[in-house]
Amino acid sequence: MPTTMLHVPTADGRADAFVAFPDRGERHPGVLMYPDGFGIRPVVREMARELAGHGYYVLVPNPFYRHGPAPVIELPEYIGEEDRPAVLARLMPLIEEHTAERALRDADAYLGFLTTRPEVAAGPVAVTGYCIGGLLATRTAAAHPGRVAAVAAFHAPVGADGPDSLAAITARVHFGHAASDLTPESLGELDRALDAAGVDHTSEIYPGTVHGFTMSDTDAFDPAALERHWDRLLTLLDRTLTAG
């Protein structure tokens, strides 16, 4: 399977990005994948390869490229609970500087780059993301209703921008929440906001999970929840994009 690191021109510079796509000559539906706050690293590359193996061209940008290439900060091979506070202390200033305005400028560049690649099929694309990347995915979908056909976000603060932002989404949606992040009551409020906006969605709490459950290089990892994530994500993409 072809994989590479490349650079995406943006309004503020050049974002390094990881790309994976099937080793076949035809064009493939495009997927923009935003990583979690820890950024592009082996586990994220492996997830991109897994998704590409199902027939998609996957672009994983470094959201914090303004601070340097990925990994922007030094990361341990395994981000255990003993490492997490120090890592987050270095990451939080970067996350706080990545404003909604910056995110939307970058989203324009990522989608423009993705949809002009010779390996990517014509038509709308999908966007997915993890943790803060899930918020970036929902912002991208809300800002580009004609270009994004599907959006998925996992253990992500998808409601952080308020109901008006969610109401702008025309894509088909799946939100997979960690049980530690969202109460059933909060899930009900989110679902009512999506229903009121007419968003075609599924939104569920993955039982017994904590924030970060998809990431196998952290203590939060839950293998069963990761498989549930793949089932929901691949079903969503199959229903909205024409693979292969």
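Residues are numbered from 1 along each chain as its sequence is written, and side-chain values use heavy atoms, with hydrogens and water left out. In this predicted model, local features need pLDDT of at least 70 and side-chain atom pairs count only at pLDDT 80 or more, while totals for chains, interfaces and linings use all residues.

**Exercise 1. Find which residues touch the most other members of the largest nonpolar core.**

Step 1. A nonpolar core is a set of buried Ala, Val, Leu, Ile, Met, Phe, Trp, Tyr and Cys residues joined through side-chain atoms within 4.5 Å. Buried means under 20% relative accessible area, exposed over 50%, and partly exposed in between (1.4 Å probe, protein chains only).

Step 2. The largest core has 38 residues, and Leu59 and Ile169 touch the most other members. Helix H3 (residues 100-115) gives the most to this core, seven residues. Helices (H or I, at least four residues) and strands (E, at least two) are DSSP runs, numbered from the N terminus.

Step 3. Contact means heavy atoms within 4.5 Å. Leaving aside neighbours within four places in sequence, Ile169 is in contact with Thr138, Ala141, Ala142, Val151 and Val199. Another core, of 33 residues, lies apart from the largest one and includes Ile40 and Phe213.

**Exercise 2. Describe the lining of the second largest cavity by helix and by class.**

Step 1. On a 1 Å grid over the protein atoms alone, a cavity is a set of points where a 1.4 Å probe fits but cannot get out; lining residues have an atom within 4 Å of a point. Grid points are joined across faces, edges and corners, and a volume is the space filled by probe spheres set on the points.

Step 2. The second largest cavity holds about 50 Å³ of space. H3 and helix H4 (132-143) each supply at least two lining residues, and H3 has the largest share, five residues.

Step 3. For the classes, Ala, Val, Leu, Ile, Met, Phe, Trp, Tyr, Cys and Pro count as nonpolar, Asp, Glu, Lys and Arg as charged, and the others, Gly among them, as polar. The lining of the second largest cavity divides into seven nonpolar, two polar and two charged residues.

**Exercise 3. Is histidine 155 buried or exposed?**

Step 1. Histidine 155 is in the loop between strand S6 (148-154) and helix H5 (163-167). Its phi is positive, about 35°, although histidine 155 is not a glycine.

Step 2. Histidine 155 counts as buried because its relative accessibility is 1%.

Step 3. Threonine 214, in the loop between strand S8 (201-206) and helix H7 (223-240), touches His155, and also Met47, Tyr130, Phe154, Phe221, Leu226 and His229, not counting residues up to four places away in sequence. Threonine 214 is buried too, with a relative accessible area of 1%.

Conventions. 1 Å grid on protein atoms, 1.4 Å probe; cavity = no way out; pocket = protein on both sides within 12 Å on 5 of 7 lines; lining within 4 Å.
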